[in-house]
Amino acid sequence: MMARVRFLLFCAIVLGLPGGLMALKDPRIGDLGKLAMILSPAIAGLALNPGLGRRGERICWREVGRAALVTLTVAGLALVASLVAGASAFSREPMEPGQALAALAATSLTSVLEELGWAGGGLSLAVKAFGRRTGVTVLGLVWAAWHLIPTALKVGLFPELEAAPPMMLATFVVACLIYRELLTRLVERSGSWLGAAAGHAAPNLAITACVTSGLVVLTRSDAWPLFPAPGGVLFALFALAAVVLLRPGLGLRGQAASGDDRA
């Protein structure tokens, strides 16, 4: 019972705090809400689940590196397919070097902080509360909502989603479920949330580098299935293929069996 209470508290913090601040429509408070959105999963996860739930398990750094290659392959295939299909195109207006570096640094920091919360404390809380399979699914749904609340409030964090048709938003939710399962398997294989952090940061950096160097991702309503990121069918299909090819690890199942305090 207490495990589920802690997980629900985690959800209330990561969804309610930033969403409530951004809903006030005050620009200064809205910026505070954006900061809370980035920091709250990591802070709440660490506070509610000290140690991230993987005590005594050694990190396999080789698998952390492989995690980055797996997700880079997923994103790369989606991007190439989008380019070939004409849904993405190169622009002649790359960002200034200073802006590009700032964008890359921000992407790196936010990706790592995001997974510290979701693949670290959040994942452990979800698995203890619901078991491995259901826990990862529920966490994926909460992760999707974490993105969609600021999208609905139109605060500019996810402009592609703000302009997206309903089917693209539905596909985004499906992609979040698949991607969270993929990132969880990378955690299990590496023995650390760093597997998910590497897997999340690598494609984000690659796509940001493409955008800052002049790659424009079109978001016309008739092109959304070919959008080469979560929200597009391409990304979801390639991520699903990666999930099928990666055998699930046993670390979180063992953790749920030995550390579950739901009684």
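Analyst: What follows is a set of questions about labels, each answered by setting a value against its definition.

User: What kind of model is this, and how are residues numbered?

Analyst: This is a predicted model, in which local features need pLDDT of at least 70, side-chain atom pairs count only at pLDDT 80 or more, and totals for chains, interfaces and linings use all residues. Residues are numbered from 1 along each chain as its sequence is written, and side-chain values use heavy atoms, with hydrogens and water left out.

User: Why is Ser-111 called buried?

Analyst: Buried means under 20% relative accessible area, exposed means over 50%, and partly exposed is in between (1.4 Å probe, protein chains only). Ser-111 has 2% relative accessibility, so Ser-111 counts as buried.

User: Where is Ser-111, and what does Ser-111 touch?

Analyst: Ser-111 lies in helix 4, residues 97-130. Helices (H or I, at least four residues) are DSSP runs, numbered from the N terminus. Contact means heavy atoms within 4.5 Å; leaving aside residues up to four places away in sequence, Ser-111 touches His-200, Ala-201 and Asn-204. A polar atom of the Ser-111 side chain also lies 2.7 Å from the backbone oxygen of Thr-107.

User: What makes Trp-118 and Trp-146 an edge-to-face pair?

Analyst: The whole structure has 6 aromatic pairs. For Trp-118 and Trp-146 the ring centres are 5.6 Å apart and the planes are at 70°, so the pair is edge-to-face. The rule is that rings of Phe, Tyr and Trp (its six-membered ring) pair if their centres lie within 6.5 Å; planes under 30 degrees apart count as stacked, over 60 as edge-to-face and the rest as tilted.

User: Which helices hold Trp-118 and Trp-146, and are the two residues buried or exposed?

Analyst: Trp-118 is in helix 4 and Trp-146 in helix 5 (residues 132-153), 28 residues apart, and the pair links distant parts of the chain. Both Trp-118 and Trp-146 are buried. Ring pairs also join Trp-118 and Trp-146 with Phe-7, Phe-10 and Phe-130 in a cluster.

User: What is the geometry of the pair formed by Tyr-179 and Phe-235?

Analyst: Tyr-179 and Phe-235 are 5.2 Å centre to centre with 80° between the planes, and the pair is edge-to-face. Tyr-179 lies in helix 7 (residues 166-190) and Phe-235 in helix 9 (residues 233-245), so the pair ties together parts that are 56 residues apart in sequence. Tyr-179 has a relative accessible area of 6% and is therefore buried. Phe-235, at 3% relative accessibility, also counts as buried.

User: How do you know that Glu-63 and Arg-189 form a salt bridge?

Analyst: A salt bridge is a side-chain nitrogen of Lys or Arg within 4 Å of a carboxyl oxygen of Asp or Glu. The side chains of Glu-63 and Arg-189 meet at 3.5 Å, N to O, in a salt bridge. This pair links distant parts of the chain, with Glu-63 in helix 3 (residues 61-85) and Arg-189 in helix 7, 126 residues apart. Glu-63 is at 13% relative accessibility, so Glu-63 counts as buried. Arg-189 is at 32%, so Arg-189 counts as partly exposed.

User: Which residue does Glu-115 meet in a salt bridge, and why are both called buried?

Analyst: Glu-115 meets Arg-180 in a salt bridge of 2.9 Å, N to O. Glu-115 lies in helix 4 and Arg-180 in helix 7, so the pair ties together parts that are 65 residues apart in sequence. Glu-115 has 0% relative accessibility and therefore counts as buried. Arg-180 has 1%, so Arg-180 counts as buried.

User: How far apart along helix 7 are Arg-185 and Glu-181?

Analyst: Arg-185 and Glu-181 are 4 residues apart in helix 7, so about one helical turn separates them. Arg-185 forms a salt bridge with Glu-181, the closest N and O atoms being 2.7 Å apart. Arg-132, Glu-181, Arg-185 and Glu-188 are linked in a network of salt bridges. The structure holds 7 salt bridges.

User: Why is Leu-35 called partly exposed?

Analyst: Leu-35 has a relative accessible area of 46%, so Leu-35 is partly exposed. Leu-35 is found in helix 2, residues 27-48.

Technical notes. A polar contact is a pair of N or O atoms within 3.5 Å; within protein, one must be able to donate a hydrogen and the other to accept it, and residues adjacent in sequence count only if both atoms are side-chain atoms.
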